[in-house]
Amino acid sequence: MKRHLLPLSLGLLLSLPAFAATPEEDAIERRHAAFELIAFNTSVMGGMVREKAPFDQAEFKKRALNVAFLAPMLEEHFPAGSDKGGTDALPAIWENKADFDAKMKSFQNQANLLYRASKTGTLDTLKPEFGKLIDECKACHDKYKAD
Ligand code: HEC
């Protein structure tokens with residue numbers, strides 16, 4: 001009997017939407033999830049850059065790859081109207097969408113540059129590239145995220 005339960009629950013899972021909410025609330029959930037993962041991977045690199053953790057090139061490279069992989073997933077989760085509810089996204093995003101999108105692209109670009117540098121880099125060469133990535137986070141947050 002028990003073996004029938006698995007296919008049944010899988011079938012249920014696949015037929016249900018991931019979240020029972022509005023499309024805008026769903027988008028907010030998904031971008032929060034992506035930002036949390038980006039922040040986690042960034043913080044591991046940050047620990048090495050600030051020399052709170054020993055530099056491990058393979059580990060750094062893995063974290064840089066994760067950020068480069070996740071960064072392009074953000075942009076589709078900023079639909080118009082998703083500045084309301086449980087979000088820190090400011091309405092300014094949709095008033096200056098071209099600038100916001102440019103900041104997003106610039107962030108993706110820097111995430112790729114950091115990943116490329118991490119393949120052969122030493123802590124000394126990676127520090128400035130990592131600093132530039134954090135500048136990208138900050139440039140966007142200063143303008144488009146509530147504190
Ligand atoms: C192009 C703009 C942009 C860039 C680049 C950006 N962020 Fe954000 N970030 C936002 C906005 C807007 C929010 C608010 C999202 C919301 O609450 O819906 C946010 C929210 C967050 C959150 C909070 C997520 C939550 O669960 O509430 C974290 C953590 C975060 N960002 C980390 C980062 C880090 C780390 C970087 C750089 C490595 C970064 N962000 C780059 C715009 C950006």
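A polar side-chain atom of glutamate 36 lies 2.7 Å from an oxygen atom of the ligand. The model is predicted, so that local features require pLDDT of at least 70 and side-chain atom pairs count only at pLDDT 80 or more, while totals for chains, interfaces and linings use all residues. Residues are numbered from 1 along each chain as its sequence is written, and side-chain values use heavy atoms, with hydrogens and water left out.

For histidine 32, a polar side-chain atom is 2.7 Å from an oxygen atom of the ligand. For aspartate 88, a backbone N or O atom is found 2.8 Å from an oxygen atom of the ligand.

The chain contains six helices and zero strands (DSSP runs numbered from the N terminus, with H or I over at least four residues for helices and E over at least two for strands). Its pattern along the sequence is α-α-α-α-α-α.

Of the 147 residues of the chain, 31% count as buried, that is, under 20% relative accessible area with a 1.4 Å probe and protein chains only. Among contacts in the chain with a separation of 6 or more, 72% join residues 24 or more positions apart, a contact being heavy atoms within 4.5 Å.

Arginine 63 is located in helix 3 (residues 57-70). This arginine 63 counts as buried because its relative accessibility is 12%. Its side chain makes a polar contact with the side chain of glutamate 59 at 2.9 Å. Such a contact is a pair of N or O atoms within 3.5 Å; within protein, one must be able to donate a hydrogen and the other to accept it, and residues adjacent in sequence count only if both atoms are side-chain atoms. When residues up to four places away in sequence are not counted, arginine 63 touches Phe40, Asn41, Val44 and Met45.

Definitions and conventions:
Buried < 20%, exposed > 50% of the residue type's maximum accessible area, 1.4 Å probe, protein only.
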